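Hello,

Here is the structure for you to look through. My notes on its salt bridges follow below.

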Amino acid sequence: MANEEEVVCVDFWCNEFGMRVRIALREKRVGFGFVEEDLRIRERSELVLQMNPVHRSIPILIHRGRPICGSLNIVEYVDEMWGQKSGARLLPVDPLERANARFWADFGDEKMAAKEELLYHLKCLEGVLGEKDFFGGKEFGFLDVALIPFSTMFYGYKQHGGIDMTTECPRLMSWVGRCEERKSVQSVLPTGLDMYDIHKEFYAFRGYEQHGGFDLEEECPDLIQCVKRCKERESVRHVLPDEDEMYELHKKWYGIE
Ligand SMILES: N[C@@H](CCC(=O)N[C@@H](CS)C(=O)NCC(=O)O)C(=O)O
């Protein structure tokens with residue numbers, strides 16, 4: 001039986017990846033301690049460096065002193081470890097359905113820059129949901145846990161992308177409503193407005209030299225030399241978008257003035 005001392009989640013409250021872990025733990029009624037890693041601070045804590053030296057990212061689940069990293073991996077671990085504890089298993093029992101659930105969870109993690117690309121992704125996911133209550137059918141499961149945190153961004157999409165999710169993806173929005181009826185989801189998801197505000201603050205702190213106030217040439221000279229060598233190649237020059245254009249696009253996207 002797990003207790004507070006045994007299970008610790010290292011995360012930041014607005015981290016969509018970490019929300020998955022906290023929802024899964026609550027679904028399985030696993031008591032856990034929470035260590036906040038403030039992502040607005042650029043340096044990672046000793047705990048993160050020690051527990052996830054490879055990626056230095058959160059969330060991290062520490063169970064009996066040992067780390068498990070990667071949010072989807074952690075959700076699977078929680079399901080395997082405490083699957084019998086409460087409710088149905090999060091992952092489908094059928095291997096084919098399980099493989100497909102993992103595939104669409106990875107699809108949800110793909111990075112998107114342009115509005116059209118984002119809408120395409122959302123509509124694909126809406127197609128996968130179909131007429132079902134939840135992605136796996138009647139029960140809230142793995143793919144719902146993996147995807148519901150991203151609904152906290154919908155408010156921001158409306159403010160800055162002009163995307164009205166109720167019109168664009170009505171079935172997905174009904175699914176959001178069903179997920180939000182669950183206590184596990186209610187207790188973990190922040191409001192869209194809180195997410196919007198923290199992202200504005202977050203991107204003002206980090207990400208771009210113009211906004212983070214740091215000089216990459218100075219911080220990572222070897223990396224920058226390598227970038228320059230890559231950019232001498234025809235193939236790279238041909239594909240990479242103009243940096244200023246990328247910067248403007250991201251500013252617009254994240255609402256940075
Ligand atoms: N694929 C990883 C992604 C985790 C990730 O990228 N975490 C980010 C926050 S969204 C992070 O911790 N970054 C460390 C940093 O920004 O220093 C997962 O699913 O856990």
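A residue counts as buried when its relative accessible area is under 20%. Glu76 has a relative accessible area of 14%, so Glu76 is buried. Please keep in mind that this is a predicted model.

Now the salt bridges. The count comes to 11. Three of them are described here, pair by pair.

Glu76 sits in helix H3, residues 71-82, and Arg102 sits in helix H4. The pair therefore ties together parts that are 26 residues apart in sequence. Arg102 is partly exposed, at 33% relative accessible area.

Next, Asp109 and Arg20. Their side chains form a salt bridge, at 2.6 Å from N to O. Asp109 belongs to helix H4, which covers residues 95-109. Arg20 belongs to helix H1, which covers residues 16-27. Asp109 is partly exposed, at 23% relative accessibility.

Last, Arg44 and Glu37. This pair also makes a salt bridge. The closest N and O atoms are 2.8 Å apart. Are these two residues buried or exposed? Both Arg44 and Glu37 are buried.

Best wishes

Key:
Residues numbered from 1 in each chain as written. Predicted model: local features only at pLDDT ≥ 70, side-chain atom pairs only at ≥ 80, totals over all residues. Heavy atoms only, no water. Salt bridge = Lys/Arg side-chain N within 4 Å of Asp/Glu carboxyl O. Helix = DSSP H or I, 4+ residues; strand = E, 2+ residues; numbered from the N terminus. Buried < 20%, exposed > 50% of the residue type's maximum accessible area, 1.4 Å probe, protein only.
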